[in-house]
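These notebook entries record what I looked up in one structure.

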Amino acid sequence: MRLPVLALALLATLPARAETCLRGVNLSGAEFGDTPGKVDTDYTYPSEEAIQRLGKLGASAIRLPFRWERIQPDLNGGLDIMELAYLDQTVRRINEAGLIAIIDLHNYGYYAKKQLGSKELPAEALADVWRRLAEHYRERPKLVFSLMNEPYDITSANWAKIQNVAIAAIRKAGAKQLLLVTGTAFGGAHSWTSDLPVGNNGRDLLGVVDPLDRYAYDFHQYLDADYSGRAAECSAAAGALKAIDDVTAWLKANDRRGFLGEFAASNKPECLTALRQMVAKVDASPQQWLGWTAWGAGPWWPADYIFNLEPTKAGERPQMRVLLERLKAKRPSAVCGREAKP
């Protein structure tokens, strides 16, 4: 769905905390395979056809996972020319389809088995790659920077500090794009305010600092028993839905904004019901939630992958039909995260 020119002009006049509502899917491929790998053999970037399809379905955003080791083969070194060209082409295609590109560094808090925050991979390394990306993309307004996908074994206090170093570097580079930050423990909504072995995200991630105050927290939430997104069953659906309510309350209490960057369901009827309820909950709180991107689209997913959102010869899969209900639903505004009441 292309945003009308008038809507784009309106966004430029809104308060800093207002953003275009982001609703769409994760479009996988560029994060696949071992690194470095060979493009279109070990990993791939989405085709123009795949991107155009999502635009025509009414999405407003695509979350695009990619790998740090490929975009920057040497730590603190220049960006790889060819990999950057693939990323550029994909971002351009997303924008030309009327969508906002969310470029997601899909590395789980690591680079080539080195953990962020260690002597081998200090916070400045993440700041360096994002500084370079920010300098390259700072003139692209229809772009969101997702700093890191699902760090899991870094303490929440350290992770807040690491992200702050990266944020400072991005803003110093002159980039004003919306930023997505996350918590440790895979950024799970269900454990956001819990005291975990790695800390408490709900406490420590309040320490995120952005000079432009233009950021949101990226939450992930699956429905299976351990919330990992590895099983077709959805026995923890009730807990997952409660997690969305709890995070909504946390965002409201702390005057923060959230984004549901990953969630999914199998095609089991009870799981589809939970999927429908989850996106409806997020859409019902536009002051707290900027939107959502479901997992997972992309032509390289196996046909029998439980969360596959690619169409079949028979048409759209049941999960995508649920999402289309929300994409086509009439909404009171094209913006989210406003301080004023809708």
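What is the mean pLDDT of the chain, and what share of its residues reach 70 or more? I noted first that the model is predicted. The mean pLDDT of the chain is 93, and 70 or more is reached by 93% of its residues.

I then looked up where the confidence falls. Over residues 1-15 the pLDDT stays under 50. For this stretch I found 16 contacts beyond four places in sequence.

**Entry: overall form.** I recorded 10 helices and 12 strands in the chain. The radius of gyration is 19 Å, which agrees with the value near 20 Å that a compact globule of 342 residues would have. Along the principal axes, the C-alpha atoms fill a box of roughly 50 × 45 × 45 Å.

Entry: Of the 342 residues, 56% are buried. Among contacts with a separation of 6 or more, I found that 78% are between residues 24 or more positions apart. The chain exposes about 14300 Å², and carbon and sulfur atoms supply 54% of that area.

E19 pairs with R257, with 3.8 Å between the closest N and O atoms. This pair links distant parts of the chain, 238 residues apart: E19 lies in strand β1 (residues 19-20), and R257 lies in the loop between α8 (237-253) and β10 (258-263). I checked both residues for burial, and E19 and R257 are each buried.

D283 and R326 form a salt bridge with an N to O distance of 3.0 Å. Here too the pair links distant parts of the chain, with D283 in helix α9 (residues 269-283) and R326 in helix α10 (residues 318-328), 43 residues apart. D283 is buried because its relative accessible area, 11%, is under 20%. R326 has 23% and is partly exposed.

The salt bridge between R131 and D128 has an N to O distance of 3.2 Å. Both residues belong to helix α5 (residues 123-137); they are 3 residues apart, so about one helical turn separates them. Are the two partners buried or partly exposed? R131, at a relative accessible area of 27%, is partly exposed, whereas D128, at 10%, is buried.

Which residues are linked in a network of salt bridges? I noted R63, D104, D218 and E262 as linked in this way.

How values were computed: Residues are numbered from 1 along each chain as its sequence is written. This is a predicted model: local features need pLDDT of at least 70, side-chain atom pairs count only at pLDDT 80 or more; totals for chains, interfaces and linings use all residues. Side-chain values use heavy atoms; hydrogens and water are left out. A salt bridge is a side-chain nitrogen of Lys or Arg within 4 Å of a carboxyl oxygen of Asp or Glu. Helices (H or I, at least four residues) and strands (E, at least two) are DSSP runs, numbered from the N terminus. Buried means under 20% relative accessible area, exposed over 50%, partly exposed in between (1.4 Å probe, protein chains only). pLDDT is the predictor's confidence in each residue, from 0 to 100. Contact means heavy atoms within 4.5 Å. The radius of gyration is taken over C-alpha atoms; the globule rule is 2.2 Å times the number of residues to the power 0.38. Accessible areas come from the Shrake-Rupley method with a 1.4 Å probe; for residues, only the protein chains shown count as cover.
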